[in-house]
Structures are given as structure tokens and as C-alpha cells.
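Subject: Structure handover

Hello,

Here is the structure I promised to pass on. Please open it alongside this note.

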Amino acid sequence: MSNVPEELAYSAEHEWVSGEPDAGAEVTVGITEHAAQALGDIVYVEAPRVGDTVVAGEVCGELESTKAVSELYSPVSGTVVAVNEALEGAPETLNSDAYGDGWIFKVEISETATDLLDAEAYAALTE
Amino acid sequence: MSDATLRSPLHDQHVALGATLVPFAGWEMPVRYTGDIAEHTAVRTAAGLFDLSHMGEISIRGAQAAEFLDHALVGRISAVALWGAKYTMLCTPEGGVIDDLIVYRRDWDHFFIVANAANKDVVVAELTDRLAGFDASLEDISREVALIAVQGPRAEDIVARMCTRGDDDIHAMRYYSAANVLLEGDIHAFVARTGYTGEDGFELFVDADEAAAVWALALATGADDGLVPCGLSSRDTLRLEAGMPLYGQELTRDTTPFDAGLGRIVVFGTPTKPRGDFVGREALLRAKVEGPSRVLVGLLGDGRRAARAGYGVLDADGETVGVVTSGAPSPTLGRPIAMAYVPATLAEPGTVVGIDVRGRREDMTVTALPFYSRAS
């Protein structure tokens with residue numbers, strides 16, 4: 001069973017959001033441990049770039065493992081203000097620390113997100 | 001999981017090891033235990049243990065067993081020595097591949113065939129049809145037989161140490177041959193030096209009832225050698241690096257052995273060593289003479305985005321001229337590798353082709369197969 005931290009919010013596409021997803025706020029985004037486990041060893045992360053506009057529920061990058069490739073969706077709408085550069089050289093961090101050093105990008109939110117799931121609802125989704 | 005899904009006799013062992021189980025060819029099989037790359041690397045550097053109990057096993061016996069297989073398959077099976085093995089194919093009368101097989105000779109009148117799980121029922125039906133007129137019989141023993149593979153540079157020592165009788169046969173055994181041994185615990189095993197990883201290795205065929213004991217014996221015997229259980233995901237990247245075709249990807253009913261670059265396994269005979277008729281002969285001879293319209297090639301990428309099965313191969317003008325059959329980031333090379341069918345004009349090593357990777361072109365270079373061969 002994968003870990004689903006209580007303090008995070010989640011999208012149905014298996015991204016997590018750290019911080020209050022209100023308009024004007026900055027949040028951190030990553031993929032869940034469940035998603036990382038399902039993909040297997042991640043060898044390449046194509047994240048959005050700083051300054052890109054991302055839209056909740058839309059594709060903003062891709063994740064490649066030895067086994068498969070998966071699209072990365074943004075769980076929130078806004079502007080990308082930071083990208084985890086360390087993933088370029090160490091994409092396996094997504095497997096080893098999905099909720100910590102495996103964060104992917106940070107967004108300044110343009111529109112309050114209203115359809116994110118809490119930990120309980122997300123855990124139910126992955127059962 | 002539907003009621004019809006089959007479980008390996010090692011299912012409980014996989015669950016206990018924390019494996020991720022997935023539906024595969026009608027079976028629920030381990031795709032990985034810990035991580036794909038660690039499992040892949042263990043096979044390249046030490047040893048890996050695979051449960052391949054989903055594979056089909058078919059026994060052919062009878063005075064005309066060899067003549068029957070010469071008729072039914074594209075290889076000259078009658079020429080296989082006792083305890084020898086041969087990689088061959090079952091083809092349609094039109095020359096399309098129904099399945100690729102390994103045939104082992106266990107006695108002069110007894111052969112043992114290993115078929116892909118997804119094709120096993122079709123192979124049994126097709127061979128049964130082709131039996132008419134031959135003094136031979138077929139038995140599907142897939143459910144009674146478990147197949148456990150030990151693959152990697154440490155495999156010979158590990159398998160030899162698992163034996164109470166026959167360890168000298170393990171050491172002496174050549175690639176593509178087999179022997180009967182007795183494993184610790186008084187377990188009879190038919191052991192072949194074959195595999196699907198590009199490494200040295202052995203495949204152990206045992207009674208399904210004894211699979212759990214053999215699995216535990218292998219894990220205990222190989223622990224100090226670095227043997228780890230490996231899932232189907234690492235098996236796929238291992239065989240891809242080794243340039244080995246997979247049925248359903250490189251091989252289908254729409255491909256001939258010649259398309260796949262495996263024409264050498266089709267034996268037509270010579271004036272001094274003639275061969276009788278066999279199913280598909282006429283069509284395959286035509287395919288040989290005409291030459292394939294498309295060629296299976298290896299592709300090596302410089303970027304990070306891997307080509308995957310089904311992606312289009314593009315020429316310099318961006319026209320789709322071929323298709324990727326398998327592709328992954330290679331754990332050994334650290335670069336994307338793929339196999340693809342391309343027109344003969346683009347098949348020369350060094351040729352740069354484009355791959356349509358989800359709408360964005362990535363260049364890859366045609367490369368001789370395999371991508372990886374072990375130091376011999």
C-alpha cells in the first residue's frame with residue numbers, strides 16, 4: 001500500500017499539491033507514490049518550464065520509465081515559478097521520495113482550485 | 001481479475017515477496033519485485049530468478065515425432081541431437097509466424113516444445129491439425145510444468161550447487177542443450193541452457209507441485225551470489241537489449257521469419273541434404289527469393305525520450321515509412337533503444353530516421369542488433 005500524506009491535496013490524475021491552492025498563492029506539485037510505483041523506475045522527467053502557463057487537468061509534461069511513458073498533468077491553473085532542476089540528473093528521486101525531494105514544479109495559482117481531493121478521497125481512488 | 005485468470009504455482013511466493021502482479025497473457029504474473037533497473041542490472045552482473053510458469057509446454061511423442069515436426073515447423077527438427085535444442089517457428093501456409101518456439105529433444109521419439117503463453121492454445125490446435133497421418137501424439141502439459149529461469153553470469157555456479165546429481169552436466173552443458181538433473185530435495189528437473197536475457201543462464205522445468213521448493217532452493221542457494229527475483233518488466237528490457245524478438249511485437253501473423261531477419265531458421269534443404277515439404281514452404285521460398293519489403297532494425301537514440309511500440313518511423317520529409325515494434329530506455333546503455341520495421345532503403349546502419357514520439361520528432365540512428373552482447 002502506498003503512502004498518502006494527510007496534509008496534501010490530490011488530483012485524480014495522481015498529482016499532489018502542497019499549500020493552499022488559492023488564487024495568488026504558490027504551491028508545490030509532484031506525483032504520488034502510487035503513480036511512481038505504477039510507472040516503475042522513472043528515468044526521465046519532462047517538466048514544464050519556468051514562465052509556462054499551466055491549466056488544471058491539462059498535460060504539462062511527461063514521465064518516462066523503463067516500462068512505460070505517462071503524461072504529467074497539472075493539478076492547478078497558473079504560472080510555473082520554479083522547476084526541480086535536480087530531477088534532470090536524478091529522476092529516480094520520484095521513486096525514492098515522491099513527496100519530498102521528488103517535487104516537480106511550483107505554480108503561482110491564477111484561479112483557486114476547487115476540485116482537488118483530500119487524502120482520504122485520493123486513497124479511496126487508488127484502492 | 002476475471003475468474004479465468006490463471007495463477008502461477010508460485011503465486012503465494014510472489015505475494016510474500018511484495019511483487020507487483022499484472023495480468024499477462026491470461027495469467028497474473030509478477031511485473032517487478034523491487035525495481036526494474038535493479039532487477040535488470042542483477043541479471044547483467046550477477047543473477048536473476050524468473051517465474052515463467054505461464055509459458056506453454058507441449059510434449060510430442062511417437063515413432064514419427066521427428067518427421068511430424070519437420071512437416072509442421074520451419075526448422076529441420078529431425079537433425080536436433082539428443083538433449084539438443086532448437087529455436088524455430090510455427091508458420092501459416094502463407095508464411096506468417098503463428099509463434100516462435102524452442103524445441104528440445106528428450107529422446108529419439110520424444111520432443112518438448114516451449115510456446116509463448118498467449119499463443120499456447122493456438123499452437124496446440126495448429127499442431128494437432130498437422131498431426132494427421134503421422135504416428136505421433138501431442139500432449140499439452142502446460143499446467144503440470146513450472147518453468148523457473150536462473151539467468152546471469154553467476155547462473156552456472158548457482159544451478160550446479162542446487163543439484164545433488166548432475167552438477168557436472170550443468171558445468172559441461174553447451175548453450176542450447178539440456179540434461180536431466182536431481183535437485184536438492186530429491187526433485188527431478190529438466191534443465192536447459194537457454195534464456196531470453198542475452199546472458200548465460202538456465203531454464204528449469206519441474207513439476208508444478210515442486211515449483212515452490214525449487215524457487216526457495218534457488219533463492220537460498222544464490223543469495224550470496226547476488227541472485228534476486230526478477231519480473232517481466234526487466235525480462236523485456238533484457239531481451240530488447242539482446243535484440244531478441246517478442247511475439248506480438250516483432251513477430252506476428254503478418255510477418256515472415258525473413259522480415260524479422262531470422263530467415264536462417266527456415267531450412268529448405270540442399271541437393272545433398274534435401275528436406276521434404278513443410279507447412280509454409282512455398283510461401284517462405286517466395287519470401288526468401290523476393291526479399292523482405294521491410295527490414296527489422298535496431299535504433300539508438302541520443303535524447304531522453306524513448307520510442308515505444310507502435311510509434312511511427314519518419315523519413316527525412318516527415319512521412320511515416322515504418323513502425324516501432326519495441327522500445328525503452330536501455331538500463332545498460334543509458335540511452336533509448338528500439339526495434340522497428342523500416343523500408344530496405346533506410347535499413348543501413350548509420351542511417352538517421354525520425355520517430356514520432358507523441359507528436360514530436362526524435363532522431364534515432366539505425367544500429368546493428370544486438371544492442372548488448374555479453375563478454376564471452
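This is a predicted model: local features need pLDDT of at least 70, side-chain atom pairs count only at pLDDT 80 or more; totals for chains, interfaces and linings use all residues.

Residues are numbered from 1 along each chain as its sequence is written, with chains lettered from A and ligands numbered from 1 in the order in which they are written.

Domains. Chain B is assigned domain 1 (6-50 + 144-241), domain 2 (56-141 + 256-290) and domain 3 (293-376). The bounds come from an automatic or database domain assignment. Over C-alpha atoms, the centres of domain 2 and domain 3 of chain B are 31 Å apart.

Cores. A nonpolar core is a set of buried Ala, Val, Leu, Ile, Met, Phe, Trp, Tyr and Cys residues joined through C-beta atoms within 7 Å. Buried means 20 or more other C-beta atoms within 10 Å of a residue's own, with C-beta atoms placed from the backbone. The largest core has 106 residues, and Leu69(B), Ile148(B), Val214(B) and Ala218(B) touch the most other members. Another core lies apart from it, with 36 residues, including Leu8(A) and Tyr73(A).

Strand β7(B). Helices (H or I, at least four residues) and strands (E, at least two) are DSSP runs, numbered from the N terminus. Eight of the eleven residues of β7 (residues 97-107) of chain B are buried, so this strand is largely enclosed by the rest of the structure. Strands pair if DSSP finds at least two bridges between them. β6 (residues 85-91) of chain B runs antiparallel to β7(B), with seven bridges. Lys86(B) sits opposite Val103(B). Gly95(B), in the hairpin of these strands, has a positive phi near 90 degrees. On to β8 (residues 110-115) of chain B: five bridges join this strand to β7(B), again antiparallel. Tyr104(B) faces Phe112(B) there. The hairpin from β7(B) to β8(B) has two residues.

Helix α8(B). Nine of the ten residues of α8 (residues 232-241) of chain B are buried, so the helix is largely enclosed by the rest of the structure. Among them are Arg235(B), Asp236(B) and Glu241(B). Gly243(B) follows α8(B), with a positive phi near 70 degrees.

Chain contact. Residues are in contact if their C-beta atoms, placed from the backbone, lie within 7 Å. Chain B gives 13 residues and chain A eight residues. On the chain B side, α2 (36-45), α8 and β18 (320-329) each give two or more.

Best wishes

Definitions and conventions:
A residue is buried if 20 or more other C-beta atoms lie within 10 Å of its own, exposed if 12 or fewer, and partly exposed in between; C-beta atoms are placed from the backbone. Two residues are in contact if their C-beta atoms, placed from the backbone, lie within 7 Å.
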